[in-house]
Each structure stands twice: as C-alpha cells, then as structure tokens.
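Please keep the structure in view while reading.

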Amino acid sequence: KTDRPYDQHATAIRDLFLNFQMKFPAAPALQPDRKRYATGELFSMLDRNLDNILTMIQNDDLTETCVDIQLPGWGALTKYEWLVLFETHIIRHTNQVIEFDKVAA
C-alpha cells in the first residue's frame, strides 16, 4: 500500500517528459539498435502493449506502489504514476518520430 498521495509525482513526470525543448541522453542499456526504424513498425509495437496496459487500468489498484524499481529523484512510483510515465514517454517518442519524418521527407 502507498503511504503518500498516489499521484504525488504525476505532475513532475508530465512536466519532464512533455518538455520537448529538453533532450535526454539514453542510458547505455536503453540505447536503440543502430538501424533504421519504420514508423509503422514502432506504432505496431506500441499497439501490442496496449491490451496489457488497459487490463491493468481495469483490474489493478492503481494507488499501490511498485517497489521493484526505484527511479532517481522519485523513488518507487505508484501504478498510477507508472501509467503517467508510460503515457508521457509514448507521447514524447511519438513526437520524435513525427519530427524525424518531417526532416526525412
């Protein structure tokens, strides 16, 4: 059970990931393979994960804290905060793909 507001870090997560002026270096373990990615392939991958996320939203207690992972600055997030992080991360990368396609066209 969570001993703080379940959405305590939600605004900070949104502010960080939706600030498109800021650039973040990816950790080495998160670096993508050096290959050309197809936009459709990336969106298909996101679609495949959607069912799992929707099931979690419908069935889980989103106020519970996930204790397996500690993030710098935020520590352990609640399931709700993880959903906010997933959403804003997807929005951020979608924006990157759209901007890349504009430059490549």
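Tyr-80 has a relative accessibility of 25% and therefore counts as partly exposed, in a model that is predicted. A search of the whole structure finds 2 aromatic pairs, and in one of them Tyr-80 is joined with Tyr-6 in an edge-to-face arrangement. Because Tyr-6 belongs to the segment before H1 while Tyr-80 belongs to helix H3, this pair ties together parts that are 74 residues apart in sequence. Tyr-6, at 36% relative accessibility, is likewise counted as partly exposed.

The other pair, Trp-82 with Phe-86, is tilted, and both of its residues lie in helix H3, 4 residues apart, which is about one turn of the helix. Trp-82 is buried, its relative accessible area being 14%, whereas Phe-86, at 31%, is partly exposed.

| Pair | Centre to centre | Angle between planes | Arrangement |
|---|---|---|---|
| Tyr-6 and Tyr-80 | 5.1 Å | 75° | edge-to-face |
| Trp-82 and Phe-86 | 5.9 Å | 40° | tilted |

Helix H3 (residues 79–104) also packs with helix H1 (residues 10–17), at an angle of about 10° and with the axes 9 Å apart. Because angles under 35 degrees count as roughly parallel, H1 is described as roughly parallel to H3. On the H1 side the contact is made by Ala-10, Ile-13, Arg-14, Leu-16 and Phe-17, and on the H3 side by Tyr-80, Glu-81, Val-84, Leu-85, Thr-88, His-89 and Arg-92. The residues of this contact divide into 7 nonpolar, 2 polar and 3 charged.

Terms used:
Residues numbered from 1 in each chain as written. Predicted model: local features only at pLDDT ≥ 70, side-chain atom pairs only at ≥ 80, totals over all residues. Heavy atoms only, no water. Axes fitted to C-alpha atoms, helices over the stretch in contact; angles between N-to-C directions. Helix = DSSP H or I, 4+ residues; strand = E, 2+ residues; numbered from the N terminus. Parallel < 35°, antiparallel > 145°, perpendicular 65-115°, else oblique. Contact = heavy atoms within 4.5 Å. Nonpolar A, V, L, I, M, F, W, Y, C, P; charged D, E, K, R; others polar. Phe/Tyr/Trp six-rings, centres within 6.5 Å; stacked < 30°, edge-to-face > 60°. Buried < 20%, exposed > 50% of the residue type's maximum accessible area, 1.4 Å probe, protein only.
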